[in-house]
Amino acid sequence: MTNNKVTIIYDKECPFCKDFVYLSRLKQVGYNVELLNAREKENSVIKYVSKKYDLDYGMIVIVNGEVLYGHEAASFIIGKHSSLKIRGKLYSLLLRNKSIS
């Protein structure tokens, strides 16, 4: 991978979101991960993406300058799991459905 920086913007107060991000294996596969709490409205990155995306309805992953939102963001995170435990597999099944993620 040419650029290994990934920024994840998620609701840190949401137990599901927090647990899902915690399960991410992005660091183990070589990504430099920056986590941003979507509730920090004064952050310049959050201000920028919140103009186009509703952060109340989905997380955002920024990788190589590309913004992934909702199910695309979740799919990127899930796709980097080499081995999922039971909880990760459950999240994987739930988030494959676009209407849920």
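# Exercises on a predicted chain

The chain contains four helices and four strands; helices (H or I, at least four residues) and strands (E, at least two) are DSSP runs, numbered from the N terminus. The model is predicted, so local features need pLDDT of at least 70 and side-chain atom pairs pLDDT 80 or more, while totals for chains, interfaces and linings use all residues. Residues are numbered from 1 along each chain as its sequence is written, and side-chain values use heavy atoms, with hydrogens and water left out.

## Exercise 1: Strand pairing

Determine in which sense β1 pairs with β2 and with β3.

*Solution.* 
1. Two strands pair if DSSP finds at least two bridges between them.
2. β1 and β2 (residues 32-37) are joined by six bridges in the parallel sense; here V6 has V33 as its bridge partner.

## Exercise 2: The largest nonpolar core

Identify which residues of the largest nonpolar core touch the most other members, and which element gives the most residues.

*Solution.* 
1. A nonpolar core is a set of buried Ala, Val, Leu, Ile, Met, Phe, Trp, Tyr and Cys residues joined through side-chain atoms within 4.5 Å. Buried means under 20% relative accessible area, exposed over 50%, and partly exposed in between (1.4 Å probe, protein chains only).
2. The core has 18 residues, and V6, I8, L26, V61, F76 and I77 touch the most other members.
3. Two or more residues come from each of β1 (5-10), α1 (15-23), β3 (60-63) and α3 (71-79). The largest share, five residues, is given by α3.
4. Five of the six residues of β1 are buried, so this strand is largely enclosed by the rest of the structure.

## Exercise 3: Aromatic pairs

Find how many aromatic pairs the whole structure holds, and describe the geometry of each.

*Solution.* 
1. Rings of Phe, Tyr and Trp (its six-membered ring) pair if their centres lie within 6.5 Å; planes under 30 degrees apart count as stacked, over 60 as edge-to-face and the rest as tilted.
2. The search finds two aromatic pairs. Y31 and F76 are edge-to-face, at 5.8 Å centre to centre and 75° between the planes.
3. Y31 lies in the loop between α1 and β2 and F76 in helix α3, so this pair ties together parts 45 residues apart in sequence.
4. The ring centres of Y53 and Y69 are 5.1 Å apart with planes at 35°, so this pair is tilted.
5. Y69 counts as partly exposed because its relative accessibility is 23%.
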